Amino acid sequence: MTFDFTTIADSIDYGFGTNFDPAHTVMAGAQLHLKTAPSVIRALRGLVESGLYGWTSSDEPRYIAALTNWMAQVRNWTVQPEWIVPSYGTLQAMCAAIRAFTDPGDGIIVQQPVYLLYARAIANCGRRLADSPLICRDGWYEMDFASLEAQMSKPENKLMLLCNPHNPTMDVWERSDLERVAALAKRHHVLVVADEIFAEHVLEPGLMTPYGSLSDALDNCIICTSLGKAFNFTGTSHGNIIIPNEEIRTVYRTQRDADHYGSLSPFMRAALLGAYTEEGKAWIDALLDFIRENERVVRDFFDQCFPDVKVFRHRAGSLLWVDFRSLGLSEPELEQMFCSAGVEPDLGSKYGAAGTGFLRLQIGMPRTELTGALERLQAAGSRISKPLRGGS
């Protein structure tokens, strides 16, 4: 099968968050600048043409079967149908879990630098962020298990938000790391809510371990999945939450339903039935090949033009975590350099203080758009005081 990764999908004027402009490239955000899988487009087109967009049961058999089959075939994880609890979205699910299993003022454990909206969700729920910062090595991060156990041992820290693949670093936790997390969480009675929405975009076959597949995690976890990152559906509010433990599932459902969850969006049902297919998986495989080549282009660019800049280990998704600290620029100066090139990045400080000096860059875009942004960035880089190899 061949797929279209050359059309700049966000150039269509539908109010997308990337605000396409040939002279301005948005490398911020996790949204691909590409069309989703043709199988998804066909499924949605069929629904649109039906003219009926009514109530859709959240336990509709075809929907649940498609999800369990996908988890078995793509994630190598056997999920029982009754474990699946559809949601309005992963952040909504996290907030429901936080409210259901913790009390106001309790600590919610995170590992910064981490997805910025975790902090907002924690604050909006009236809880406190309990940080166990990652240890920054030479081009990758490690968990600080001494810090993590110290946080888990505090009785007021009842819940952890685990991000895997990890956003913004876009690395994947090894199975041994996850086993240590699960053992600590079991010992200290900490519920782990695992955000695995990038799991389909892991670049190394077999590297991704579903947290819920671990024996120590099975009765003490809530797993968040969605089409959001896998099929570029970040603009929709949906998620499929997987909860193996019946007691946890019952408590969670009670909290979720208090937020008036009634039925599936018929559009998300159609999209999932189109996505979770052999063709949908083939599209993801082709997308990852395309991303690998885009990553090579970007790494070559930094090697030639910004040799002191370090692109961190990248094992999932279309986002790169890049260390610019060696340039000696303040974050406002770094942002200004990019903006002067017509390139909009994600500032690392958005993900916690430990991210200062880093940028998160979206490379999931047609190569013409990517190379245009890099050419403008090369010209902008040549104007800063530090000499840059290859600058014009």
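Leaving aside its neighbours within four places in sequence, which residues is Phe 302 in contact with? The list is Pro 307, Val 309, Val 311, Val 322, Phe 324 and Leu 361, where contact means heavy atoms within 4.5 Å. Before going on, some ground rules: this is a predicted model, in which local features need pLDDT of at least 70 and side-chain atom pairs count only at pLDDT 80 or more, while totals for chains, interfaces and linings use all residues. Residues are numbered from 1 along each chain as its sequence is written, and side-chain values use heavy atoms, with hydrogens and water left out.

Back to Phe 302. Together with Tyr 211 and Phe 231, Phe 302 touches the most other members of the largest nonpolar core, which has 92 residues. The biggest contribution to this core, 11 residues, comes from helix α9 (residues 278-305). Apart from it there's another core of 25 residues, including Ala 97, Ile 243, Ile 248 and Tyr 252. A nonpolar core here is a set of buried Ala, Val, Leu, Ile, Met, Phe, Trp, Tyr and Cys residues joined through side-chain atoms within 4.5 Å. Buried means under 20% relative accessible area, exposed means over 50%, and partly exposed is in between (1.4 Å probe, protein chains only). Helices (H or I, at least four residues) and strands (E, at least two) are DSSP runs, numbered from the N terminus.

Now for strand β9 (residues 221-225), where 5 of its 5 residues are buried. In a regular strand the side chains alternate between the two faces of the sheet. In β9 both faces are covered: Cys 221, Ile 223 and Thr 225 sit on one side, with Ile 222 and Cys 224 on the other. As for its partners, β9 runs parallel to strand β8 (residues 191-195), joined by 4 bridges, and Asp 195 stands opposite Cys 224. With strand β10 (residues 239-242), β9 pairs in the antiparallel sense over 3 bridges; there, Ile 223 has Ile 242 as its bridge partner. Two strands count as paired if DSSP finds at least two bridges between them.

There's also an open sheet of 4 strands, in the order β11-β12-β15-β14, with antiparallel pairing. Its edge strands are β11 (310-311) and β14 (346-347), each pairing on one side only. Between β14 and strand β15 (residues 358-362) there are 2 bridges, and Leu 347 has Leu 359 as its bridge partner in β15. Asp 323 belongs to strand β12 (residues 319-323). Is Asp 323 buried or exposed? Asp 323 counts as buried because its relative accessible area is 9%. Beyond its neighbours within four places in sequence, Asp 323 is in contact with Val 309, Lys 310, Phe 312, Gly 357 and Phe 358.

Leaving aside neighbours within four places in sequence, Arg 256 is in contact with Val 85, Pro 86, Gln 92, Ala 96 and Tyr 261. Ser 57 is 199 residues from Arg 256 in sequence, and 16 Å away in space, C-alpha to C-alpha.

Finally, look at Val 48 in helix α1 (residues 38-50). Val 48 is partly exposed, since its relative accessible area is 44%.
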